[in-house]
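Have a look at the model first.

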Amino acid sequence: MSEDLIESAILDLVEKRGASKSICPSEAAKAAFGDNWNGHMRHVRAAAVHLARQGKVTILRKGKPADPENFKGVYRLSLPAADVD
């Protein structure tokens, strides 16, 4: 399994979704793994945290930015605020 594949799927989807919009992590899993997506959600989360640390995506909880080092539960992904122009 390639983390690059997951990260590419996340970045592609948030860029296509555009400014002020977000994606569900399951969308990235489905894009990367097709019908076999459900067993890869922890890998998607790890990739999302990695991208958030790099400032490439924002992890959202209840519509607000969350600390990538300390968040729990349901989350969404979006472009960073600086990219939302």
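K30 lies over the face of W37, 4.9 Å from the ring centre; a charge sits over a ring here if NZ of Lys or CZ of Arg is within 6 Å of the ring centre and within 35 degrees of the ring normal. R45 does likewise with F71, at 3.9 Å from the ring centre. Keep in mind that this is a predicted model, where local features need pLDDT of at least 70 and side-chain atom pairs count only at pLDDT 80 or more, while totals for chains, interfaces and linings use all residues. Residues are numbered from 1 along each chain as its sequence is written, and side-chain values use heavy atoms, with hydrogens and water left out.

**Ring pair**
- The count is 1 aromatic pair (Phe, Tyr or six-membered Trp rings with centres within 6.5 Å; planes under 30 degrees apart are stacked, over 60 edge-to-face, the rest tilted).
- F71 and Y75 have ring centres 5.3 Å apart and planes at 70°, so the pair is edge-to-face.
- Both F71 and Y75 are buried (under 20% relative accessible area; exposed is over 50%, partly exposed in between, with a 1.4 Å probe and protein chains only).

**Helix α3**
- Buried residues in α3 include V44, A47, V49 and L51.
- G55, which follows α3, has a positive phi near 80°.

- Most residues other than glycine have a negative phi.
- S20 goes positive, at about 60°, and counts as exposed at 66% relative accessibility.
- K62 has a positive phi of about 55° and, at 76% relative accessibility, is exposed too.

Technical notes. Helix = DSSP H or I, 4+ residues; strand = E, 2+ residues; numbered from the N terminus.
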